[in-house]
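Reader: I am new to this structure. Could you take me through some of its local features, one question at a time?

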Amino acid sequence: MRTINATYNCQKKEFIMIYLDYAATSGKKPEGVYEAVLHALRDVSGNPGRSGHKLSLQAGKLVIETRMLCSRLFHAESAESIVFCSNATDALNLAIRGVLKAGNHVISSHLEHNSVARPLEHLKDEGVEVTKLKSSLDSGVDPEDVKAAIKDNTKLVIMTHISNVTGTVNDIDAIGRVCREKGVLFLVDAAQSAGARKIDVQKMNIDLLAFPGHKCLYGPQGTGGLYIKPGVDLRTLKQGGTGSKSEMLHQPDDLPDKYESGTLNVPGIAGLGAGISFIMNEGQEKIEKREKFLVDMLVGKLKEIPNVKVLCSENDRGCVVSITIDGYEPQDVAIMLNQVFDIAVRSELHCAPDAHQVIGTLNCSGTVRISPNYFTTEEEIECCVEAIQLISSGKL
């Protein structure tokens, strides 16, 4: 185990930062991602779908290849079902605002990120009826509660796959079956699961899947997408140039062009494709098994520290753990971990106040969130635990 010595570490800077904030963004990426982005910037600098010269065609080829990789990863019906967005929030807004209008009813939960909660709050002001279901720390939303909440005017059910605060995993399979039986659209926020967990949109009865490119898919920031089941029609949130059917003054109906106005982020999409290729080559089962080992190791060791409260699921859980330390503000703990131990975590509310209401930390400045990843080492987990033990003991 690498020994923690606060003064030595702070003064000598012998060790590089231990990054444990993967729930925010992947701090370390496969080498192929960096290479793909640089290649796109330097060698494939054309605008995809806009011209007939080699650079434009090569850029278009990169976009198509990544779209096909996304389709394969999520088991979509076709590559055209994948629409590229700038992030998961962008994708969620397209799905939510593209479906709902005044008079509709939508079902969500108290585990949702503000990328869901805030659009729904604004839509509530516009005449949309919103139901937020209670959630369990250990098992998430009960599918039977979803079934009981569906009404004649229910248009959409929105659920996070994995909580970004507690790592709680919702039973997407069961909730999807309920939605399909009731004829209600099902939107899944896969911000913490896309790439880390197997997702089959057809088997899971998912109509809309929002995913970021920069987290568990290892792509660059500014990338993401939305899977749209064939036959699901969303209102467009923007209109503009698509490179296709330019003689039309109305937005074309063909997918993905209908929802992809403007020049795409080709370097970002190239990096996303490289990230997905890495996942497929490594194998999702291998990645999931490794991450489960790391998070179980982290939780087990944290529970042994006096004055530390661990807030995460005792059952199936994602690679996200929240803690509080008696006598310390979460922000102060994160600052100490950063400045003294060179350990990166996130503190406070994590853009999910409803989830903090579930675990009782909304009015207590939130939590310290620790989120390892496939690239995290056991040594880094040990160092993090030892640092938290030192902070908790008051010996700093």
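**Helix packing and backbone details**

Author: In this predicted model, helix H10 (residues 330-339) packs with helix H12 (residues 378-393), their axes 11 Å apart and at an angle of about 125°.

Reader: Is the crossing of H10 and H12 left-handed or right-handed, and which residues make the contact?

Author: H10 passes H12 in a right-handed crossing. From H12, the contact uses Ala387, Ile388 and Ile391. From H10, the residues are Val333, Met336 and Leu337.

Reader: How many residues of that contact are nonpolar, polar and charged?

Author: The contact of H10 with H12 holds no charged residues and no polar ones. The nonpolar residues number six.

Reader: Where is Pro256 found, and is the peptide bond from Leu255 to Pro256 cis or trans?

Author: Pro256 is in the loop between strand S8 (224-228) and helix H8 (266-282). Most peptide bonds are trans. The bond from Leu255 to Pro256 has omega near 5°, and is cis.

Reader: What is the phi of His75, and is His75 buried, partly exposed or exposed?

Author: His75 lies in the loop between helix H3 (54-74) and strand S2 (82-85). Most residues other than glycine have a negative phi. His75 is not a glycine, yet has a positive phi of about 60°. Its relative accessibility is 41%, between the limits of 20% and 50%, so His75 counts as partly exposed.

Reader: What is the phi of His350, and is His350 buried or exposed?

Author: His350 sits in the loop between strand S12 (346-348) and helix H11 (353-359). His350, not a glycine either, has a positive phi of about 55°. With a relative accessible area of 1%, under the 20% limit, His350 is buried.

Reader: Is Thr223 buried or exposed, and which residues is Thr223 in contact with?

Author: Thr223 is placed in the loop between strand S7 (208-212) and S8. Its relative accessibility is 1%, so Thr223 counts as buried. Leaving aside neighbours within four places in sequence, the contacts of Thr223 are Cys85, Ser86, Asn87, Pro212, Gly213, His214, Asn265, Gly268 and Ile269.

Note on methods: Residues numbered from 1 in each chain as written. Predicted model: local features only at pLDDT ≥ 70, side-chain atom pairs only at ≥ 80, totals over all residues. Heavy atoms only, no water. Axes fitted to C-alpha atoms, helices over the stretch in contact; angles between N-to-C directions. Helix = DSSP H or I, 4+ residues; strand = E, 2+ residues; numbered from the N terminus. Left-handed = near helix turned anticlockwise from the far one by under 90°. Contact = heavy atoms within 4.5 Å. Nonpolar A, V, L, I, M, F, W, Y, C, P; charged D, E, K, R; others polar. Buried < 20%, exposed > 50% of the residue type's maximum accessible area, 1.4 Å probe, protein only.
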